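Colleague: Hi! Could you walk me through this one? I'm still new to reading structures.
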Amino acid sequence: SSLLLFLRALETDRWRDWLALSAAVGLGLLAKYSMGLFLLCALAVLWIDHRPRLAGPKPWIAVLLALTFLLPNLAWNLDHQFATLRHTAEISQLDRKLFHPDSFLYFAAAQFVVMGPLLLPALIRAAVDRRAWRSDPLQRLLAIFSVPVLGLFLLLSLLSRANANWAAPAYVAATVLAVSWLARENRRRWFAAAVAVNLIMAATLYHWHRIAPAAGIELGRRTDPFDKLHGWNAAGERVADHLRKMGCRAVAAGDRTAITELTYYARRALGEPVAPLSWNPAGIIRHHFDLTADVARMGSGCAILVGGFDAQRLRRSFTQVEALAPVPVPFEGRPQPMPAWRVAGFRGYEGAGR
């Protein structure tokens, strides 16, 4: 919607269209910080093809109004240790070892699945067709909103890591750019094949666990695209068993993924609510559970704590600590035994690392 509103604002130059654009971008910024890339691309388009507009107030007021949407978010971050900014920095992992060719190759290959094995080559052909986007402002706009964004995430994947879906904002313009190239080159069969292949891939992935056994394919690490997601149900069932035997209704862990997965599957196995708790001796707000569900809020009840924590430190933080059977937590698709504890009587993080 923001891209369409931007095109409309360029076409009409009416205040109401620029203001509608600012609202759309502002809401986008609240949803995802990567919406900031839209602002950069829009400014690049204005600088290259509509430079006189930059001398007027409308684009700048639109930018300022869009940024005002972020003020409540920034104020909240100031009061909460910049939690969302810290989380964004953490998942990008730019503070760790740089240069990961394997991550780059994986991300690049994954884009053929995200966009489609026939549409992505069409995008590449359109991107290198400099005559088209040099002579056509609309083609140039689509290239600016897609190619640099995709290139940025390719660079990020090389320097640290990038999930395959992070480049999704690029594909709004990229899909139109690729299809327009196919239409301009009269590649109707290519287009029809691209759509058909994408539909077949989507249906196959969705029903793969039914299709593979019927085709005689044994599901495993190399044949199951969902392999890394397996194992949490078994871990949750083990936690549910501990909860049932120990009379607890809360699950604690030090990792956001573990808290989420164990709580979900334990609740499903028990058929009743299970409270998530975050073990956070450092006192740094890393995610939602650190903010709203710290172990310090567990009160007088008990919880099942999962993680390889030092037993002596745990005993200095709780009045009751009992070792339980390990929980098979999946690591890269394979269950690894993780220590589990029944803890009760929280008395503070003193001596536990804080």
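Colleague: What classes of residue make up the lining of the largest cavity?
Modeller: This is a predicted model, and in it the lining of the largest cavity has 13 nonpolar residues, 1 polar residue and no charged ones.

Colleague: How many cavities of 30 Å³ or more are there?
Modeller: The count comes to 1 cavity of that volume. The largest cavity has a volume of about 120 Å³. It is lined by 14 residues, and the closest to its centre are Leu 21, Leu 39, Ala 42, Pro 59 and Val 63.

Colleague: And how does anyone find a hole like that?
Modeller: A probe the size of a water molecule is rolled over the atoms, and that shows where empty space is left.

Colleague: Nice. Which helices supply at least two residues of that lining?
Modeller: Helix H2 (15–31), helix H3 (36–49) and helix H4 (58–68) each do. The largest share, 5 residues, comes from H3.

Colleague: Cys 41 sits in that stretch of numbers. Is Cys 41 buried or exposed?
Modeller: Cys 41 counts as buried, because its relative accessibility is 8% and the cut-off for buried is under 20%.

Colleague: Okay, new topic. Which residues touch the most other members of the largest nonpolar core?
Modeller: Those are Phe 6, Phe 38, Leu 123 and Phe 145, in a core of 49 residues. Helix H1 (2–12), H2, H3, H4, H8, helix H10 (137–159) and helix H11 (170–184) each supply at least two residues of this core. H10 gives the most, with 9 residues.

Colleague: What does Leu 123 touch, not counting residues up to four places away in sequence?
Modeller: Leu 123 touches Met 115, Leu 150, Tyr 171, Ala 174, Leu 177 and Ala 178. Apart from this core lies another one, of 25 residues, and among them are Leu 243, Leu 262, Val 274 and Ala 293.

Colleague: Why does Asp 129 count as buried?
Modeller: Its relative accessibility is 16%, and buried means under 20%, so Asp 129 falls on the buried side. Leaving aside its neighbours within four places in sequence, Asp 129 is in contact with Trp 181, Arg 184 and Glu 185.

Colleague: Now the disulfides. How many are there?
Modeller: The count comes to 1 disulfide. Cys 248 and Cys 302 form it, with their sulfur atoms 1.9 Å apart. The pair links distant parts of the chain, 54 residues apart. Cys 248 is in the loop between helix H14 (232–246) and strand S1 (250–253), while Cys 302 is in strand S3 (residues 302–306).

Colleague: Is that disulfide left-handed or right-handed?
Modeller: The torsion about the S-S bond of Cys 248 and Cys 302 is about -120 degrees, so the disulfide is left-handed.

Colleague: And are those two cysteines buried or exposed?
Modeller: Cys 248 counts as buried at 1% relative accessibility. Cys 302 counts as buried too, at 14%.

Colleague: Last one: where is Ala 253, and what does Ala 253 touch?
Modeller: Ala 253 is in strand S1 and counts as buried, at 1% relative accessibility. Not counting residues up to four places away in sequence, Ala 253 touches Ala 258, Ile 259, Leu 277, Ser 278, Trp 279, Leu 305 and Val 306. The C-alpha atoms of Ala 253 and Ala 340 are separated by 9.5 Å, and these residues are 87 residues apart along the chain.

Colleague: Great, thanks!

Definitions and conventions. Residues numbered from 1 in each chain as written. Predicted model: local features only at pLDDT ≥ 70, side-chain atom pairs only at ≥ 80, totals over all residues. Heavy atoms only, no water. 1 Å grid on protein atoms, 1.4 Å probe; cavity = no way out; pocket = protein on both sides within 12 Å on 5 of 7 lines; lining within 4 Å. Points joined across faces, edges and corners; volume = space filled by probe spheres on them. Helix = DSSP H or I, 4+ residues; strand = E, 2+ residues; numbered from the N terminus. Nonpolar A, V, L, I, M, F, W, Y, C, P; charged D, E, K, R; others polar. Buried < 20%, exposed > 50% of the residue type's maximum accessible area, 1.4 Å probe, protein only. Contact = heavy atoms within 4.5 Å. Disulfide = S-S within 2.5 Å. Core = buried A, V, L, I, M, F, W, Y, C linked by side-chain atoms within 4.5 Å.
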